[in-house]
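Okay everyone, thanks for coming.

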Amino acid sequence: MRADRVFAYGAAAGLLGDLLLGDPRRGHPVAAFGRAAGAVERVLWRDHRGWGALHTAVCVGGAVSLAAVADRSVRTSRIASLALTAAATWSVVGGTSLGREARAIGGALAAGDIEVARERLPHLCGRDPQALDADGIARAVVESVAENTSDAVVGALVWGAAAGVPGLVGFRAVNTLDAMVGHRSAKYRRYGWASARLDDVAGWPGARLTAVLAAVAGSDPRGAVRAWRVDAVKHPSPNAGPVEASFAGALGVRLGGTLSYAGRVEHRPVLNGGGRAVEVGDIERAVRLSRRVGWLALGVSVAGRLLVNGLRAKGRTS
């Protein structure tokens, strides 16, 4: 079995495993990485970009190195390689848990229990739940589903197609580290700078693919492309902008506006200003769109890897 087929079968099995099982409640590898990164931070933290860059290099470099060693150790066995790829994919993607959390909040809102919705919102994003009414929570959930479709599914598959198991693990390490220290708080403004910039670079291809596939899989492709083209550049994040704008256009809703994070208020640009306000039912529509985008991303990633390897083989024989 060729290496590109190992990735194709292994990634498909891992994505199916995520669909059927979701994330493990205990012993999740990403949680283990988070604990290790936290321990490194306690040793290295200084209010300085250089120390933050060292933290990033140690944590991401260590994760990628361990993945590369594991990948090399099973290379002689295609079955073991396939199993490792499947396990790594299942460990790093989080589409099912994303959908479950979003639906749980949507269910609470539909039942009129805004307090339960507020309690669950921090499981999905970093907004201040007490500052949001029901419509604000619904909008936050749709925005989080859009952004995390790229961060928790598509980006990992893109890097897995490019670099196999080390790519899968490396992308998740970068994304997790950014969530831990990459935000603009007083403590991490300088220390988390390197992690945030590396996450911008690593997330760039997955975000653009997510935006394209949201347009393809959504109910309004033209609206998605128009919102992406007009509004994405207004967003402060180079990767969240295209994804959220495309989802907004695809769903026909209006995203963005005033947000509150840890007591800090941000006035974000409106995405797809011609759309209607988000309703509770749009949470389910966003989750379904996210799932379609994830499976399409698998197909595109596998096809891209097969094509590149085919062209390389043709070049060697010509």
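So, which side chain does the side chain of Asn175 join in a polar contact? That would be Arg172, at 2.9 Å. By polar contact I mean a pair of N or O atoms within 3.5 Å, where within protein one must be able to donate a hydrogen and the other to accept it, and residues adjacent in sequence count only if both atoms are side-chain atoms.

Quick caveat: this is a predicted model, so local features need pLDDT of at least 70 and side-chain atom pairs count only at pLDDT 80 or more, while totals for chains, interfaces and linings use all residues. Residues are numbered from 1 along each chain as its sequence is written, and side-chain values use heavy atoms, with hydrogens and water left out.

Back to Asn175. You'll find it in helix H7, residues 134-181 (helices are DSSP runs of H or I, at least four residues, and strands are E runs of at least two, numbered from the N terminus). Asn175 counts as buried because its relative accessibility is 12%, and buried means under 20% relative accessible area, exposed over 50%, partly exposed in between, with a 1.4 Å probe and protein chains only. Skipping residues up to four places away in sequence, Asn175 touches Asp151 and Asp199; contact means heavy atoms within 4.5 Å.

Now the other asparagine, Asn272. This one sits in the loop between strand E2 (264-267) and helix H11 (281-317). Asn272 is buried too, at 11%, and its side chain reaches the backbone oxygen of Val253 at 2.9 Å.

Last stop, Trp295, over in helix H11: partly exposed, because its relative accessibility is 34%.
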